[in-house]
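Dear colleague,

I am handing over the structure below, together with notes on what was found in it. Please read the notes with the structure open beside them.

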Amino acid sequence: MTAVILALGVLAAGCGLRHPTGPAEIPRAPEVRYRIGEPRDEAGRWLLDQVAGARWDPGLLAATRELAAAAADPTSRLAPAATALAQARAGFPGDARFSRLYTGGALPEALVAEARSLGDAAPALDVALASRRFGDGTVLWVLGAAPHWAEIDPIPRDLALDDTLPLQVEADGAADLDLFVAPPEGPVAVVPLSAGMTRYVDTFHVPGRYDLEVVDLARDRARVVLTFSIFVEIPPPPLGRLPSTLDPADPVAATAWLYEALDARRRAAGLAAVEPFPLFEPLAREHSAFMAASGVVDHRIAGLTDGVAARAWEQFHPRARHYEDLAAAFTAEEALDLAWGSPGHRRNLLCEECTHAAIGVALEPTAQGPARLFVTWELLAFPDGVPFAIGRH
């Protein structure tokens, strides 16, 4: 997908530069990533000449242009909510600071000192500069600048509900990092990261915008090295109830059928079948039982469990990689169809690196009407070796 920014402008008096006069189309970037490039106007080249070690980032430019275009009048301010949204939409991952300056058309000399101060301690500095000229001749300049503390592998900015985000961060001198995930509602989750290692983040269970920060913990004080947002799609419709004449399903038979059906669909997709992993099957059944008892389909259930992966990491070593799917339905066939119909869930079931699986099924306790099956799929990869129970070897 190619992003295009429409630049509209007139010649500004006194400096020979072209400035946007109205709102520009700001594209929604398909990825979160740094996009190092070259400025296309005189003002951008001037800024790079003034700030040693600065790098021009077109993604950051998209955010600064959005802020400049959104200014209703010369007295408008850069609200924190507006700057955060502009950066999120642009997919720029750095900890950006935005400053504004009004001039009669001259270059914004006063903004150079702010950019230099941000870049003094950092290995590099990402910058962008946008402008807007008002009818009275006043020019609004918006500077975006971000210390470049870490590198991030490109990641999708838009996810499907319940999708998994592979995140890898490189930070010089840092081994331990914390990822803070602020969902649209509910508490902030903290996910530990290891620099240079891919972590699969699976916390996107509510539609909306998620704000994420990566904090470097290896220094004398915590430092925010990355900040970005992920947009998650709307949820699927709720599962309806079938007539009360439906006979309840057998969890044992459903488990056997789900293993067979999973292997059949993997083979049809050109992938190898997965081998059942008995050590994790009790954990998968336990999680399904928690969901059945609470009526909640979630990877973590407050007051009951932190999830299968957390339980496995407590009891077994070395750690496995978990690709988890969940569903609630009246039959095993319907449960698999629900998971298969979601791109994110189907991607987990077709995990290429996975060699094993653990499936757990539990029947919903109900006094009247049909009971649903609650299903937990754990597709597993063992990059550090096959896990074994702690204390037995």
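This is a predicted model: local features need pLDDT of at least 70, side-chain atom pairs count only at pLDDT 80 or more; totals for chains, interfaces and linings use all residues.

Residues are numbered from 1 along each chain as its sequence is written, and side-chain values use heavy atoms, with hydrogens and water left out.

Is Asp95 buried or exposed? Its relative accessibility is 18%, so Asp95 counts as buried, the rule being that buried means under 20% relative accessible area, exposed means over 50%, and partly exposed lies in between (1.4 Å probe, protein chains only). Leaving aside residues up to four places away in sequence, Asp95 touches Ala145, Ala146, Pro147, Val224 and Thr227, a contact being heavy atoms within 4.5 Å. Asp95 and Val224 are 129 residues apart in sequence, yet their C-alpha atoms are 6.9 Å apart in space.

For the protein as a whole, the secondary structure comes to nine helices and 23 strands, and 47% of the 393 residues count as buried. Among contacts with a separation of 6 or more, 69% are between residues 24 or more positions apart.

In soluble globular proteins, nonpolar side chains tend to be buried together. A nonpolar core is taken here as a set of buried Ala, Val, Leu, Ile, Met, Phe, Trp, Tyr and Cys residues joined through side-chain atoms within 4.5 Å. The largest such core has 63 residues, and those with the most contacts inside it are Leu129, Leu167, Leu179, Val214, Leu226, Phe228 and Ile230. Strand β7 (residues 139-147) gives the most to this core, with seven residues. Val214 touches, among others beyond four places away in sequence, Val169, Leu177, Leu193, Arg223 and Val225. A second, separate core has 23 residues, including Ala329, Ile359, Leu373 and Val375.

Turning to charged pairs, a salt bridge is counted when a side-chain nitrogen of Lys or Arg is within 4 Å of a carboxyl oxygen of Asp or Glu, and by this rule there are twelve salt bridges. In one of them, Asp126 pairs with Arg55, with the closest N and O atoms 3.5 Å apart. Asp126 lies in strand β6 (residues 125-133) and Arg55 in strand β4 (residues 54-56), so this pair ties together parts that are 71 residues apart in sequence. Asp126 is buried, with a relative accessible area of 0%, whereas Arg55 is partly exposed at 26%.

Another salt bridge joins Asp337 and Arg265 at 3.2 Å, N to O. Because Asp337 lies in helix α8 (residues 332-340) and Arg265 in helix α5 (residues 251-268), this pair ties together parts that are 72 residues apart in sequence. Asp337 is partly exposed at 45% relative accessibility, and Arg265 is partly exposed at 25%. Arg372 and Glu364 also form a salt bridge, with closest N and O atoms 2.9 Å apart, and both of these residues are buried. Glu286, Arg311 and Glu314 are linked in a network of salt bridges.

The largest pocket holds about 1500 Å³ of space. On a 1 Å grid over the protein atoms alone, a pocket is an open set of points where a 1.4 Å probe fits, with protein on both sides within 12 Å along at least five of seven lines, and lining residues have an atom within 4 Å of a point; grid points are joined across faces, edges and corners, and the volume is the space filled by probe spheres set on the points. Of the 47 lining residues, the closest to the centre of the pocket are Val191, Arg199, Tyr200, Arg300 and Trp313. Strand β14 gives the most to the lining, with six residues. The lining divides into 25 nonpolar, ten polar and twelve charged residues, where Ala, Val, Leu, Ile, Met, Phe, Trp, Tyr, Cys and Pro count as nonpolar, Asp, Glu, Lys and Arg as charged, and the others, Gly among them, as polar.

Finally, two backbone details deserve a look. The peptide bond from His317 to Pro318 is cis, with omega near -5°, and Pro318 lies in the loop between β19 (316-317) and β20. Asp162 has a positive phi of about 70° although it is not a glycine, and Asp162 is placed in the loop between β10 (158-159) and β11 (165-167).

With best regards

Terms used. Helices (H or I, at least four residues) and strands (E, at least two) are DSSP runs, numbered from the N terminus.
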